[in-house]
Each structure stands twice: as structure tokens, then as C-alpha cells.
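Trainee: Could we go through this model together, slowly, with a few questions from me as we look?
Mentor: Gladly, and here it is.

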Amino acid sequence: TSPHVEIVKEIHKKLISDLQKRPTIEGLSKEFLINTATLKSTFKGIYGQPVGSYMKEYRMQKAAILLRQTRATIAEVANQVGYENQSYFFRQFKKRFGMTPRSYRITHQK
């Protein structure tokens with residue numbers, strides 16, 4: 001329903017506004033006064049993926065942009081997109097893009 005769509009769009013704004021924060025579905029449900037199942041199904045209906053999958057992909061895309069457009073270190077990029085563990089970021093990035101963050105930067109920088 002329309003009110004749920006508006007609430008989930010607000011939740012989406014919050015999720016992407018600060019990637020270093022990782023709020024839980026339960027916490028968001030309480031904060032925005034929406035049932036967890038409703039939040040999950042509405043989010044998937046709007047954005048085409050479950051919240052966790054969507055945010056993982058969003059973080060990876062943001063990391064790719066930062067690697068192409070900034071001189072931030074790989075550790076700084078990992079931190080900016082919400083990965084405290086650099087080696088975990090490294091593995092996730094390689095799984096997503098088929099190359100290391102460093103290789104990606106060299107290949108895609110202008």
C-alpha cells in the first residue's frame with residue numbers, strides 16, 4: 001500500500017545516506033513503525049532485491065565509483081562503504097567484479 005511504500009523509501013534514504021552504519025531490519029522496523037515482514041516485502045517490491053542483497057550491491061557499486069574517481073586508499077574505500085574488515089571487503093569486491101580493488105582501479109581509472 002502507498003503509506004508502506006513511502007515509509008520504505010524513507011528507510012532506503014537512511015540506508016544509503018551513511019554506508020558506515022549498518023542498521024538492522026528489526027531496528028528499522030521499530031524506528032519507522034513498520035512490521036518487519038512488510039518492510040522486507042515492500043522493499044523487495046520496490047527495489048527488486050531483499051534489503052541485504054541490495055545494500056551489498058549498492059556498497060560494491062559505490063566502492064567501484066570511489067576507486068575510479070578518488071585517490072583514497074583501498075582501506076579508506078572499504079571503510080567509506082561500510083566494511084571494517086579490509087580483507088573481507090577485498091574478497092567481496094573480487095567476487096563481485098572478478099578482480100581485486102587495486103586491479104579494478106588500474107583498469108578503470110581515467
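Trainee: Is Phe-93 buried or exposed?
Mentor: Phe-93 is buried, since its relative accessible area is 0%; buried means under 20%, exposed over 50% and partly exposed in between, with a 1.4 Å probe and protein chains only. Please keep in mind that this is a predicted model, in which local features need pLDDT of at least 70 and side-chain atom pairs count only at pLDDT 80 or more, whereas totals for chains, interfaces and linings use all residues. Residues are numbered from 1 along each chain as its sequence is written, and side-chain values use heavy atoms, with hydrogens and water left out.

Trainee: How many aromatic pairs are there?
Mentor: The count comes to ten aromatic pairs, where rings of Phe, Tyr and Trp (its six-membered ring) pair if their centres lie within 6.5 Å, and planes under 30 degrees apart are stacked, over 60 edge-to-face and the rest tilted. One of them joins Phe-43 and Tyr-47, whose ring centres are 4.7 Å apart and whose planes meet at 45°, so this pair is tilted.

Trainee: What about the rings of Phe-93 and Tyr-104, how do they sit?
Mentor: Their centres are 5.3 Å apart and their planes are at 80°, so the pair is edge-to-face. This pair links distant parts of the chain, as Phe-93 is in helix 6 (residues 86–97) and Tyr-104 in helix 7 (residues 101–108), eleven residues apart. Tyr-104 also counts as buried, with 6% relative accessibility.

Trainee: Which cluster do ring pairs link Phe-93 into?
Mentor: Ring pairs link Phe-93 into a cluster with Tyr-83, Tyr-88, Phe-89, Phe-97 and Tyr-104.

Trainee: Changing topic, at what angle do helix 1 and helix 4 pack?
Mentor: Helix 1 (residues 2–17) and helix 4 (residues 51–69) pack at about 40°, and their axes, which are lines fitted to C-alpha atoms over the stretch in contact, are 11 Å apart. Helix 1 makes the contact (heavy atoms within 4.5 Å) through His-12, Leu-15 and Ile-16, and helix 4 through Val-51, Tyr-54, Met-55 and Tyr-58.

Trainee: What else does Val-51 touch?
Mentor: Leaving out residues up to four places away in sequence, Val-51 touches Leu-15, Ile-25, Leu-39 and Phe-43, and at 8% relative accessibility Val-51 counts as buried. The C-alpha atoms of Val-51 and Leu-39, which are twelve residues apart along the chain, are separated by 9.0 Å.

Trainee: And is His-12 buried or exposed?
Mentor: His-12, which lies in helix 1, counts as buried at 10% relative accessibility. With the residues up to four places away again set aside, His-12 touches Phe-43, Tyr-47 and Tyr-54, so both rings of the tilted pair that we discussed, Phe-43 and Tyr-47, are on that list.

Trainee: Last one: where is Leu-33 found?
Mentor: Leu-33 is in the loop between helix 2 (25–32) and helix 3, and although Leu-33 is not a glycine, its phi is positive, about 55°. At 73% relative accessibility, Leu-33 counts as exposed.

Notes: Helix = DSSP H or I, 4+ residues; strand = E, 2+ residues; numbered from the N terminus. Axes fitted to C-alpha atoms, helices over the stretch in contact; angles between N-to-C directions.
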